[in-house]
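This report describes selected features of one protein model. Please keep the sequence and the structure in view while reading.

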Amino acid sequence: MTDQPGVVVTGVSGRMGQMLVRELGRSDRLRLSGALERPGHAWVGRDLGEAMGGAPLGVTVSDDPLDTFARAQAVLDFTAPEATVEFADLAAQARCVHVIGTTGLQPAHLDRIRAAAHHAVIVRAGNMSLGVNLLTRITRQVAAALDADWDIEIVEMHHNRKVDAPSGTALMLGEAAAAGRGVDLADASDRGRDGLTGARRRGDIGFAALRGGDVVGEHEVIFATEGERIVLKHIASDRALFARGALRAALWGQDRAPGEYDMLDVLGLND
């Protein structure tokens, strides 16, 4: 027996899923208790370690989230929006801490997640790294200090297999800039420019998404006005930093009151 919280990894065959498994294997505070894949996936029913090409881990890959969650204290979820909202409902039933790194979530998905957070702890962040969350905090502070004569542009680059744009991190930075300005990002967001677009609208927060190669993640927040620019930048070169952040969030969430939290809460950076 062990008093270490048991953790389920969803979408375990993916790059992030396997990274989470490896980081859990190194942890002395959390243990891997379950692994999930979609019904019909070739890994279902196999020992996870063998499916990953290594030694047996004693954990069988399942396609039954409710049963798997019932034997765990936390769920690490970097899957897809439709899967994530289903997992949120089931994790709430099991009273598991649900750590969500899924990006591309739309308002309807966020409503479902918010409802689930009435019953369990949910930690949701577009990026789990310390550096990016510090950048988010700084972005809000800089935006609050500058007026709308300073144009804000957010530029992000990721690998060529990323399916959503702007990235969840870019949107997180945009939300921080909008909060600093006291505006709603939905009213101030400029996400596409092509052809004769006209002059840039004062006060807009612009986004540009670049895709190529194996880039883990690069984000810049540019504040530009007449005669000067301020550029804030973060570069991630190792995907493991996101996994380590997710494990930190899973541990932090134990014995917390139900609610929706983010990595600023986990890192003690919120006001």
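## A buried glycine

Gly-168 counts as buried because its relative accessibility is 14%; buried means under 20% relative accessible area, exposed over 50%, and partly exposed in between, with a 1.4 Å probe and protein chains only. Gly-168 lies in helix α7, which covers residues 168-181. Helices (H or I, at least four residues) are DSSP runs, numbered from the N terminus. When residues up to four places away in sequence are not counted, Gly-168 touches Thr-103 and Gly-126, where contact means heavy atoms within 4.5 Å.

The model is predicted: local features need pLDDT of at least 70, side-chain atom pairs count only at pLDDT 80 or more, and totals for chains, interfaces and linings use all residues. Residues are numbered from 1 along each chain as its sequence is written, and side-chain values use heavy atoms, with hydrogens and water left out.

## The annotated binding site

According to an unreviewed UniProt entry, the feature "binding site" is placed at His-159, Gly-168 and Thr-169. UniProt positions are given in the numbering used here, feature names are shortened, and annotations may be inferred rather than shown by experiment. From this set, Gly-168 belongs to the lining of the largest pocket. On a 1 Å grid over the protein atoms alone, a pocket is an open set of points with protein on both sides within 12 Å along at least five of seven lines, and lining residues have an atom within 4 Å of a point.

Thr-169 is also placed in helix α7. Thr-169 counts as buried because its relative accessibility is 3%. Leaving out residues up to four places away in sequence, Thr-169 touches Gly-126, Asn-127, Val-132 and His-219.

## Aromatic pairs

Two aromatic pairs are found in the structure. Phe-69 and Phe-87 form an edge-to-face pair, 5.9 Å centre to centre with 65° between the planes. Rings of Phe, Tyr and Trp (its six-membered ring) pair if their centres lie within 6.5 Å; planes under 30 degrees apart count as stacked, over 60 as edge-to-face and the rest as tilted. This pair links distant parts of the chain, 18 residues apart: Phe-69 is in helix α3 (residues 65-70) and Phe-87 in helix α4 (residues 81-94). Phe-69 is buried, at 0% relative accessibility, and Phe-87 is buried at 14%.

Trp-252 and Tyr-261 also form an edge-to-face pair, 5.1 Å centre to centre with 80° between the planes. Trp-252 is buried because its relative accessible area is 17%.

Conventions: 1 Å grid on protein atoms, 1.4 Å probe; cavity = no way out; pocket = protein on both sides within 12 Å on 5 of 7 lines; lining within 4 Å. Helix = DSSP H or I, 4+ residues; strand = E, 2+ residues; numbered from the N terminus.
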